[in-house]
Amino acid sequence: MKRRRITLFSLLLLFVSSLFSPIIAGAAVSDVQKTSSWPVGPNVYAEGAIVMEASTGLILYEKNIDTVYYPASITKILTALVAIENSSMGEIVTFSRDAIFNVDLDSSRIGIDVGEQLTMQQCLYAILLESANEVSYGVAEHVGGTVENFVRMMNDKAKSIGAKNTNFTNPHGLPDDNHYTTPYDMALITREAMKNETFRKIFGTRTYQIPPTNIQEETRYLRNHHRFVLKQQYRYDDCIGGKTGYTNKARFTLVSVAKRGDLELIAVVMRDDSTAHQYTDTQALFDFGFDNFSIYPINELETAGVLEESPMFTKYNPLLSDTESPIVTDENGYLVLPNTASFKDAEKEITFYPTTEIHEGNNVIGKISYTYMGKYVGGADILYKNVDIATLETKKLNVKNPAENTSSENIETKSTGGLYPIILGIIAGILVVIFSLYYIFVERPRLQRRKAYYRKRANRRMHYNDDYLDL
């Protein structure tokens, strides 16, 4: 009996320790995550600064990014975007007297006269390259009907893309106490603008010519004010566009975009203290981003993994086997991580949309997203090749395994928590070993003793009967 109790106690102790071993392992992983840190960025002279990765919106560096500052002429990024989205390049803009005289005559201008006419395309080059305030005013009147209505369009656009601390009162950025924004909001606005190919082309143009007009007999030669774009005095060869800004209240503001391979960065510095520092700060911010982060095309990493997660494409469905690769991830989806992290460090979540939410002609059937250290670091749409909603529904339900014949409403978000099956498997294996040991060392000897007891008892009865017969 004593030996049996010792054995039972030992087995129980082994079982309890096995249950706690996954928890200890989990704690170790958590400790590793806590010790890992986001790359530390440079010190800059600007009061507010940000570096944002363009494809994901991931913030790589931040300094007072939600603090309100005066933007000065970087306002014109939004002015140009709203104008592009609400006009055609060939439209003729005729300049009113207000456009010429309601802006500071000593501010940035290209010498437009009352009644002069430019195409919208010529106006946009004047706004983004020469920062022409009278042209900004004239475009606002042309597009919005009134400057006030155009400004309302600007603020609505800013809010629609996520800007929360921005309020513009004019289209040019000349001083106004109620005209303000933040580094984060300006990065969002620039990111949205860079999705527009017309804006993108003008934003990175070094020089442009406006030929003689109905009033001006001479050609106007425009030159971008951004030194990185001009590649003069201050250079950053990867810079593909930018906009300058300055007023006494705003000090120096600068928005710049640089691209190296697939990695495109947006840098915003606000209330910098000098022309030199706005460029050296921006250079340091770009170097930090390019030197410490890498970008990965999701479609090269995840198609097989998405197939495994899909509730529609399984080994039980001959029409939708994973060997046919019927679904892929969007080639425009990217994952951005610090160089100290690997692809496997990112937490992945895959969502498949109900069939009722998939429309004809739209082959997006789901979404894959990644997070790292609590930050969203990338994602991509999941695409079904040559999608047809009726075919998709038929194929989805044409499965031999009844367990997988589920309606679209039951499709749920799936995550890649791969540790749980492993832990459960380990626990199950330990339980099997424990019960096997229990049977070998406790139960089987007990059964053998019991069998021996009954055999001896039967022998005694047999001898008793034999003795009785002998008498």
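Reply: Two strands are said to pair if DSSP finds at least two bridges between them. Strands (E, at least two residues) and helices (H or I, at least four) are DSSP runs numbered from the N terminus. This is a predicted model, where local features need pLDDT of at least 70 and side-chain atom pairs pLDDT 80 or more, while totals for chains, interfaces and linings use all residues. Residues are numbered from 1 along each chain as its sequence is written, and side-chain values use heavy atoms, without hydrogens or water.

Let's start with the sheet. E1 and E2 are joined by four bridges in the antiparallel sense, and Ile-50 has Glu-62 of E2 as its bridge partner. The open sheet has five strands in the order E2-E1-E9-E8-E7, with antiparallel pairing. At its edges are E2 (59-63) and E7 (239-247), each pairing on one side only. From one strand to the next, the twist averages 5° (axes are lines fitted to C-alpha atoms, for helices over the stretch in contact, and angles run from 0 to 180 degrees between N-to-C directions).

H7 packs on this sheet, touching E1, E2, E8 and E9, and its direction makes about 35° with that of E1; contact here means heavy atoms within 4.5 Å. H7 (residues 183-193) is mostly covered, with eight of its 11 residues buried (under 20% relative accessible area, with exposed over 50%, partly exposed in between, 1.4 Å probe, protein chains only). Among these buried residues are Pro-183, Met-186, Leu-188 and Ile-189. Besides strands E1, E8 and E9, the buried residues of H7 pack against helices H2, H6 and H8.

The axes of H2 (residues 76-85) and H6 (residues 147-160) come within 10 Å and cross at roughly 100°. H2 and H6 are therefore roughly perpendicular (65 to 115 degrees; under 35 is roughly parallel, over 145 roughly antiparallel, the rest oblique). Leu-78, Leu-81 and Val-82 are among the H2 residues in this contact, and Phe-150, Met-153 and Met-154 are among those of H6.

One more helix deserves a glance. H10 (residues 275-292) contains Gln-278, which counts as buried because its relative accessibility is 5%. Beyond its neighbours within four places in sequence, Gln-278 is in contact with Phe-252, Thr-253, Leu-254, Val-269 and Asp-272.
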